[in-house]
Structure formats: C-alpha cells, structure tokens
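Here is a briefing on one protein chain.

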Amino acid sequence: MIENHYGILTADNYNVETGMTCGSVLPDKSAVPYFPFRISKDNDIWITKDPLSSEIQELNEAAYWLLKMCDGYRTLDEIITQLSTSFHSEQDTVMRKSRSVLDELTNRGLLWWRSERMNYWKVPAPAGVLWDLTSKCNLRCRHCVVSAGEECNDELGFEDCCRLVDEFADFGVAQLILSGGEPMIRKDFFGIAEYAASRNILIQVATNGTLIDEDAAEKLANIGARAQVSLDSSIPAIHDTFRQSLGSWQKTVDGIKLLVKAGVPVTLAAAVTTMNIDNIPELYELGKELGVHTFRILPFVPSGRGMEALDLEVKPERMQELTEFLLGKREADGPEIAPMEFECTFQPIPEQGFKTDSDARIGCDGAIGYCTVTSKGDVLPCNYFEGADVENVKDRSFRWIWDNSRFLNYFRSLKASDMKGECSRCQWLSVCRGSCIAANFTRRDLFQANCHCWLVNEK
C-alpha cells in the first residue's frame with residue numbers, strides 16, 4: 001500500500017532511514033489516529049514527505065484514502081469499516097493490508113494516536129503572532145529550524161502583508177514578532193513594520209542584528225518596537241562559527257549598541273548548544289555591559305538545518321545546572337531573566353503535591369495564545385511543524401484559519417491523559433504541561449516523556 005523510491009515498506013523489517021524497528025503493536029481499534037502531513041499527487045502517484053528526514057514516500061490510492069481518514073476524529077475501527085465498504089473487502093483483510101502502513105508511520109512518529117477524538121474550540125484571538133516575513137537570510141546558522149538562506153518564490157508580497165496586518169488588527173492580535181530568515185533583509189521591512197504599528201500592534205523584531213545601523217535603530221524606536229537579537233557567545237569565534245559567518249559577532253554587538261542607544265528595549269537571545277553552554281555566564285555579563293533589557297536562553301531543538309547538527313544538543317543535566325545559575329541572577333542588578341524551560345522544578349513541592357487533572361491541556365501556548373505564520377503564509381502552532389497539511393493566509397482569512405484549522409484545534413485538544421512515561425506520573429505536569437511537544441516530535445514520539453526534562457532523565 002505504500003512505497004518509497006527504494007521499494008516496498010513492510011511492517012516487519014528494520015528501516016535504515018529512521019533507524020527504527022517496524023512491527024509495533026498498534027493501539028486498539030477504539031484509538032484515534034491522526035496523519036497531519038501533506039499528501040500531493042504527481043501524475044498517478046500520491047506522494048508524502050517525511051518532514052524530519054525529507055524522505056519522499058509514494059502511496060497507492062488505498063493508502064492515500066487510509067491516511068486521509070486518519071483525521072484525529074475517526075477511530076481506527078470507523079476507518080477500517082469505511083474502507084471495507086468502499087473497497088468491497090472484508091474488514092480483517094483491510095486491517096491486515098493497512099497494518100504495515102500504520103506501523104511504519106507510527107514508528108516514524110508521523111501518525112499520532114490518542115484515546116479521544118479531537119474537538120474544535122472557540123478561543124480568543126492570539127495575543128501574539130510570530131510572522132516569518134522571509135526565508136532569506138544573510139547568515140547560515142547551524143541550528144536554524146527553517147533552514148533559512150535563499151528567498152522562496154511564493155513569499156507574501158507587500159500588499160498581501162498589509163492585508164494580513166489589517167486582518168490581525170481587526171481580529172485583536174496585540175503583538176507581532178517579525179522574524180525570518182532575517183526580516184530586515186526585506187526591502188519593504190519598514191513599510192510593513194510601520195504599517196502594523198499604525199494599526200496599534202506592538203512590534204518585536206527577531207533579528208540577528210547584523211543589519212542594524214543608526215537609521216534602522218531610530219526607525220524601530222520611532223514605532224515603539226522591541227528587538228530580540230541573537231547572540232550566542234561573548235567569544236567572537238564561537239558566535240561566528242555557529243552562525244557560519246566571519247565577522248557576524250562584531251556586527252551583532254554593534255547593532256545591539258545602536259538599538260540600546262536609540263532606546264529600543266533589547267532581549268539578548270542565546271541558543272544553548274554544546275558550543276557555548278560553558279560561556280553563557282560570560283555572555284550574561286556581556287549583555288549586562290551592553291545594557292540589554294532581557295536575557296533569554298533557548299534550548300536547541302534539532303529541526304531544519306539543525307537536523308545536520310545533532311552534536312549541538314546539550315544533555316538535560318547541563319541545562320539544569322545552567323538554569324539554576326540563571327535563576328540565581330533573577331534578583332541581581334542586571335538584565336531581566338526570561339522564563340526558562342522546567343524552571344518550575346526548582347520550586348518547593350507543596351506538601352499535598354500537585355494533582356494533575358487528566359483533562360488538563362498540555363503543551364505550550366502554541367495554537368492558543370500565539371501561532372506562527374510562515375513566509376509562504378502557512379499557519380502553524382510553531383515552526384517545528386512545517387510540512388503539516390495546514391491552511392494558508394493566501395486562501396483563507398487569518399480569523400477563519402484560527403477558528404477552523406484542524407491542525408490548530410488538534411493541539412488545543414491535547415490533554416494530560418495523552419502523555420506517556422514519566423511525564424504521565426510527574427507531580428510537575430500540571431505546571432510545566434509537558435513543555436515543548438515539538439522537541440518530542442523531532443524524536444519521533446509526540447507524547448513521550450519530554451526529552452529535555454532533567455527529571456525524566458534522572459529516572
């Protein structure tokens with residue numbers, strides 16, 4: 001039922017591409033599967049792409065309909081019953097022929113299973129939208145989730161961007177985080193930013209800082225913008241190597257100085273990797289010296305270009321030590337420390353403990369409090385799920401997508417009862433909510449105990 005360029009994928013072999021053994025035991029027929037990724041047609045062949053490995057898989061018509069029916073709402077039993085009727089075949093035969101596809105995609109982490117059907121939820125407009133204005137970038141950062149570099153052919157033009165700004169403003173979106181790629185590389189960047197500000201939307205620019213000159217800093221100050229600038233080390237060579245651009249450290253530091261001088265509040269953001277974790281204390285001191293408002297660390301999640309840099313991932317116990325160090329700076333005279341992943345575990349545990357309601361939602365606020373609009377116009381909970389079959393602002397209004405997107409509503413439906421392993425039993429689950437589910441997705445198991453949590457890794 002499913003093929004790739006190397007032949008038939010079966011349920012009972014070892015998959016060289018994923019390094020996983022197929023033949024897993026599927027959930028029972030009352031479980032609800034969801035295959036959220038794009039399927040396109042090339043001549044008479046249906047094609048889907050693994051967003052993590054970029055491997056292309058070919059499907060026949062029966063496999064296509066099987067996966068299209070894995071919509072997060074139908075149970076496996078309902079799917080098999082419908083296929084049995086449509087293809088005039090016994091249910092046991094349909095199930096037997098479907099198993100290899102279901103097994104393979106489950107093992108790849110591309111078919112997600114829950115015990116309950118998803119629902120559609122009415123939620124307020126997102127407080128913020130991270131908007132990738134372009135995929136073009138003047139750097140080639142090793143960790144880049146969107147593999148930024150060259151401009152895509154189908155990015156939103158200026159008129160489409162202004163129309164989208166109007167939709168955001170009319171819907172009540174309070175903040176836009178203009179990102180990329182490098183957003184300031186667009187020639188019409190300030191036209192977009194100034195128009196959004198004129199619609200009373202707060203602007204934050206997520207930038208590498210290398211294109212900031214005195215004029216740009218003044219323009220950002222004039223529209224009341226904030227800036228998050230990526231700086232990964234106090235040592236130029238480390239930053240330049242990580243960003244794969246000689247001299248980028250000096251340009252970024254100069255850009256931060258100009259922003260601070262112009263009165264733009266700056267967040268210094270560092271992606272924590274094996275290259276710079278030992279230097280983060282010194283980087284904090286540099287941020288203090290530069291006069292930044294906030295100091296933020298971001299965990300490295302191997303996605304996009306980062307899939308080729310797995311050596312950058314930091315062990316959870318090292319992140320625990322760094323988090324404890326930065327918590328100690330919260331009361332110090334220096335930059336504000338932004339919230340950090342799993343910092344709640346340093347709090348005292350109440351005597352009665354934390355009791356997690358099995359119906360309590362899990363995951364970050366993606367799809368609830370904020371979302372991402374890609375440079376092509378796709379609407380996602382965050383960039384880590386690029387490749388999902390989602391709606392596009394070129395085809396539908398943002399408000400319609402926010403209310404009706406199956407993908408967004410799937411994430412709104414996730415509950416504590418969906419979590420597996422240590423997280424399902426952890427007293428902190430009601431507080432951390434399982435944290436970054438996308439990190440688990442990159443490990444091909446959406447609902448596993450969080451791969452970044454040091455409590456999980458202590459067990």
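**Cavity, pocket and local packing**

The largest cavity has a volume of about 110 Å³. The model is predicted: local features need pLDDT of at least 70, side-chain atom pairs count only at pLDDT 80 or more, and totals for chains, interfaces and linings use all residues. Residues are numbered from 1 along each chain as its sequence is written, and side-chain values use heavy atoms, with hydrogens and water left out.

**Cavity**

- The structure holds one cavity of 30 Å³ or more.
- A cavity is a set of points, on a 1 Å grid over the protein atoms alone, where a 1.4 Å probe fits but cannot get out; a pocket is an open set with protein on both sides within 12 Å along at least five of seven lines; lining residues have an atom within 4 Å of a point.
- Volume is the space filled by probe spheres set on the points, with grid points joined across faces, edges and corners.
- R361, I362, G363, C364, G366, P381, C382, F385, F411, C436, I437 and A438 line the largest cavity.
- This lining has nine nonpolar, two polar and one charged residues.
- Ala, Val, Leu, Ile, Met, Phe, Trp, Tyr, Cys and Pro count as nonpolar, Asp, Glu, Lys and Arg as charged, and the others, Gly among them, as polar.

**Second largest pocket**

- The second largest pocket holds about 760 Å³ of space.
- Its lining has 37 residues, of which K49, P51, S54, E386 and G387 are the closest to the pocket centre.
- Helices (H or I, at least four residues) and strands (E, at least two) are DSSP runs, numbered from the N terminus.
- The largest share, three residues, comes from β7.
- By class, the pocket lining has 13 nonpolar, 16 polar and eight charged residues.
- The pocket lies between domain 1 (32-114) and domain 2 (128-414), because both give residues to its lining.

**Domains**

- The chain is divided into domain 1 (32-114) and domain 2 (128-414), with bounds from an automatic or database domain assignment.
- Their C-alpha centres lie 34 Å apart.
- Twelve residues of domain 1 are in contact with 14 residues of domain 2; contact means heavy atoms within 4.5 Å.

**Helix α12**

- In α12 (residues 406-413), seven of the eight residues are buried.
- Buried means under 20% relative accessible area, exposed over 50%, and partly exposed in between (1.4 Å probe, protein chains only).
- The buried residues are F407, L408, N409, Y410, F411, R412 and S413.
- F411 also lines the largest cavity.
- The cover over the buried residues includes β5 (32-34), β9 (112-114), β18 (379-380) and α11 (398-404).
- S405 caps the N-terminal end of α12, with a side-chain oxygen 3.3 Å from the backbone nitrogen of F407.

**V314**

- V314 sits in the loop between β15 (294-299) and α10 (316-327).
- V314 has a relative accessible area of 12%, so it counts as buried.
- Leaving aside neighbours within four places in sequence, V314 is in contact with V272, T273, T274, I277 and M319.
- V314 and T274 are 40 residues apart in sequence, yet 5.6 Å apart in space, C-alpha to C-alpha.

**K251**

- K251 belongs to helix α8 (residues 248-262).
- K251 is partly exposed, at 47% relative accessibility.
- Beyond neighbours within four places in sequence, K251 is in contact with G209 and T210.
- K251 and G209 are 42 residues apart in sequence and 6.9 Å apart in space, C-alpha to C-alpha.

How values were computed:
A polar contact is a pair of N or O atoms within 3.5 Å; within protein, one must be able to donate a hydrogen and the other to accept it, and residues adjacent in sequence count only if both atoms are side-chain atoms.
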